[in-house]
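Let's take a walk through this structure together. Have a look at the sequence and the fold, then read on.

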Amino acid sequence: MDHSGHGMTTDLPPFTLGRGLEFSPDLFFLIGCLAGLGLYGWGVVRLRRRGDAWPVSRTVFFTVGVLTVALVMCTKLNDYGMVMFSVHMVQHMVISMLSPILLLLGAPVTLALRALPPAPRGSIGPRELLLKLLHSWYMRVITHPVFTISMFIASLYALYFTPLFDTLMGSKAGHIGMMVHFLAVGLVFFWPIMGVDPGPHRPGYVMRMLELFAGMPFHAFFGIAMMMASEPLVETYKNPPVSLGIDALSDQSAAGGIAWAFSEIPSVLVLIALVYQWYHSEQRQAVRQDRAADRNGDKELEAYNAYLASLQARGR
């Protein structure tokens, strides 16, 4: 029996964490994860070979970020996610709220700009195209808080409370497209807030915190609404396979609980990152001010010495 509409059988045994973590790759995401790690590794090696430093912590963050995508898309979690709402919600929360934060802390755009060679004069290469994209009107639109917060909220309400979700789950391409959308929305939402990579929208630290918390109440309310629903909200999970031994309504309630609880995890991670960045920004500013004060002091001392020398010359 093909429950999902794209060739995945539903004769799965009851879900356990051990079964969920078994290797079961989605080819699209497997290739994407390997390509991401390969390109990032190429960039780091290129910098090191020419004697430039690249923080190990950024490499670790990016690698772990890619591995979290692989965890939910290249294991049996993806198979169970096709027939269990709760497991699907774990996938959604990880790929839209945890993976983007870790990937962005790896500063992949900064690495690309430093590693890609400049094109010969008069021509355009990958580095120039990337810079052009970063400064385009399109990027200004999709990183503006009005757009990012709206998309962040719409990815929950417009998807799960309309027939769109069932339509996308009916084909392999639709399911892959939906998961890519979750990842993309997370990236554009957290990119201006994290502020590690260059971008057209770069607010101050207080405004970043306000952007972070603007969408979270809607996220929590979505989870609570699912937990309190008296009937299944999406057709896909209305009749779970008997072999799983689960009730559709209780599984949906668990999915709502996961969505509600998960909104706290990225908030804490991002706040820690923001406070760390803010502290180091203040430290750098203080160093710059001290240097400027030293230079001004040196100039005043030189002027005073010159004044004394002129007095001495007059005395002679």
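What follows goes from salt bridges to a helix, then to a cavity and a loop.

A bit of housekeeping: this is a predicted model, in which local features need pLDDT of at least 70, side-chain atom pairs count only at pLDDT 80 or more, and totals for chains, interfaces and linings use all residues. Residues are numbered from 1 along each chain as its sequence is written, and side-chain values use heavy atoms, with hydrogens and water left out.

Let's start with charges. The structure has four salt bridges, a salt bridge being a side-chain nitrogen of Lys or Arg within 4 Å of a carboxyl oxygen of Asp or Glu. One of them joins Asp 26 to Lys 172, with 3.2 Å between the closest N and O atoms. This pair ties together distant parts of the chain, 146 residues apart: Asp 26 sits in the loop between helix H1 (17-20) and helix H2 (27-49), while Lys 172 belongs to helix H11 (residues 172-194). Helices here are DSSP runs of H or I with at least four residues, numbered from the N terminus. Are the two partners buried or exposed? Asp 26 counts as buried, at 4% relative accessibility, whereas Lys 172 is partly exposed at 42%. For these words, buried means under 20% relative accessible area, exposed means over 50%, and partly exposed is in between, using a 1.4 Å probe and protein chains only.

Another salt bridge connects Asp 52 and Arg 50, at 2.6 Å from N to O. Both ends are partly exposed, Asp 52 with a relative accessible area of 27% and Arg 50 with 43%.

Then there is Lys 76 with Asp 79, whose closest N and O atoms are 3.7 Å apart. These two share helix H4 (residues 76-81) and stand three residues apart, about one turn of the helix. An α-helix has 3.6 residues a turn, so residues three or four places apart point the same way. Here Lys 76 is partly exposed at 24%, while Asp 79 counts as buried at 14%.

Now over to helix H13 (residues 216-228). Its 13 residues reach 19 Å from the first C-alpha to the last, close to the 18 Å expected at 1.5 Å a residue (that is, 1.5 Å times one less than the number of residues). Which residues of H13 are buried? They are Met 216, His 219, Ala 220, Phe 222, Gly 223 and Met 226. Seen down the axis of H13, these buried residues fall within an arc of 155°, so they line one face of the helix; the arc is taken from the directions from the helix axis to the C-beta atoms. Pro 217, Phe 221 and Met 228 are exposed on the other side of H13.

His 219 turns up again in the lining of the largest cavity, along with residues including His 92, Phe 152 and Phe 182. A cavity is a set of points on a 1 Å grid over the protein atoms alone where a 1.4 Å probe fits but cannot get out, and lining residues have an atom within 4 Å of a point. Helix H5 (85-105), helix H9 (145-160) and H11 each supply at least two lining residues, and H5 gives the largest share, four residues.

Finally, His 144 lies in the loop between helix H8 (137-142) and H9. Its C-alpha atom is 8.2 Å from that of Pro 192, 48 residues apart along the chain.

Terms used
On a 1 Å grid over the protein atoms alone, a cavity is a set of points where a 1.4 Å probe fits but cannot get out, and a pocket is an open set with protein on both sides within 12 Å along at least five of seven lines; lining residues have an atom within 4 Å of a point.
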